[in-house]
Amino acid sequence: MTTAPNSDDRVHVIGAGLAGSEAAWQVANAGIPVVLHEMRPVRMTDAHRTDGLAELVCSNSFRSDDALNNAVGLLHAEMRKLGSLIMRSADAHQVPAGGALAVDRDAFSDAVTKSLEDHPLITIDRTEVAGLPPAEWRNVIVATGPLTSAPLADAIRELTDENALAFFDAIAPIVHKDSIDMEIAWFQSRYDKVGPGGNGADYINCPMTREQYDAFIDALLAGEKTDFKEWELNTPYFDGCLPIEVMAERGRETLRYGPMKPVGLTNPRDPLVKPYAIVQLRQDNKLGTLYNIVGFQTKLKYGPQQTALRMIPGLQNAEFARLGGLHRNTFLNSPKLLDEQLRLKAEPRLRFAGQMTGCEGYVESASVGLIAGLCAAAEAKGQSLAMPPATTALGSLLGHITGGHIETVDAGPRSFQPMNINFGLFPPLASPPTKKPDGSRLRGNEKTIAKKQAMSARALADLDTWIAASLPAVAAAA
């Protein structure tokens, strides 16, 4: 490739969230110098509160760590095989969370920050990249996430001649544990499931009668919401992160079949009476002093929000370390704008990673950053990296982002939307399992479980083959 005069041969990563941090780590570990650009604290965002790299702003959960039965757990396992900094730091700072991998957010961010600061090939530049990166930067990863600064977003929009799609991402409230009434609430994980670092009793559960639930729903519906700014109008929500009041507006029973479902839990003080609804809180820091209310993202103003939340039995005297809120999230029409190497077709020196590409979730964002980093490092060496097989969690997520998506056939809105990793993105099995190891036939839900396990086993085997063929240094280190 012919380079421009005075070109910069370093890889520049813009944005030091989970995707950018992971991308910089992968590039540097491949022996390529990196400049990691992070505008905080020179310029803060509406959602961040620190200048730490890889700060988690919405939830502390990396979700399920079950690589055998869950697609996000499988993604965890694949990232670990590739030496992920994000997964290494999460594993080192996990807190009990039932079947989920959750972390002490501050300790996690501190660990990522220190690793990147200590790496001899990484330079951290605490200034904002306002507008399009300089032309001499020939190998750039843009990982600025949902809170991309306006000048950079405008430059990308002008370059692509595309209007960026957007949705709202939400923040759940956090409660001081010592303000929770444990004479009413109790510890239990759903179905007593034991997860990493947990013991099967990792959530605080607050039960509701039907009368209490109905009153709570009334408060949600009547509570005053934060006004939309002019630039937020007509922005859709992401269904995986709906505010509780929006769920309530879709039907009074919606929350009972969502974050407040009462299944898999038994109140030890009244075991024969099934609660009508249950609110769960999950540990938010290593000390266990803070708990976030699971699935309770909200756009209620602070006064009505506190009033409604204190209607929950056990939270009547709750003191809040943080109340809920919402912020705007932007992402590209990636199937149209990006090639399979995550490069912008209109200007291939720019590669994108993280939520801007149309993935949803911390783990997914970091995984796309991981692949973007490997691609950028290969390009810096004059090579081209083959993408992971579509049968892997990494490959299936990349397939959703860069190809195979069917656009709408009418003049309506584009149909590409953010996606969490799920088995629906994977190619079907050539021969789905029909029998158990003892030869008897699989029945009912057993078929679904066996299918997921077979897809996970196929993914891990195929990833090992890909690593051996495409990343010999990683294979040698394993």
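Let me begin with two helices: α1 and helix α3, residues 85-92, pack at an angle of about 115 degrees, and their axes are 8 Å apart. Axes here are lines fitted to C-alpha atoms, for helices over the stretch in contact, and angles run from 0 to 180 degrees between N-to-C directions. Angles of 65 to 115 degrees count as roughly perpendicular, so α1 and α3 are roughly perpendicular to each other. On the α1 side the contact (heavy atoms within 4.5 Å) is made by L18, S21, E22 and W25, and on the α3 side by L85, I86 and R88.

The model is predicted: local features need pLDDT of at least 70, side-chain atom pairs count only at pLDDT 80 or more, and totals for chains, interfaces and linings use all residues. Residues are numbered from 1 along each chain as its sequence is written, and side-chain values use heavy atoms, with hydrogens and water left out.

Now the sheet. Helices (H or I, at least four residues) and strands (E, at least two) are DSSP runs, numbered from the N terminus. Six strands form an open sheet with mixed pairing, in the order β6-β2-β1-β7-β17-β16. β6 (122-125) and β16 (343-344) stand at the edges with a single partner strand each, so one side of each has no neighbour in the sheet. Strands pair if DSSP finds at least two bridges between them; β1 (11-14) and β7 (140-142) do so in the parallel sense over 3 bridges.

Helix α1, residues 18-29, lies across β1, β2, β6 and β7, at about 170 degrees to β2.

Definitions and conventions. Parallel < 35°, antiparallel > 145°, perpendicular 65-115°, else oblique.
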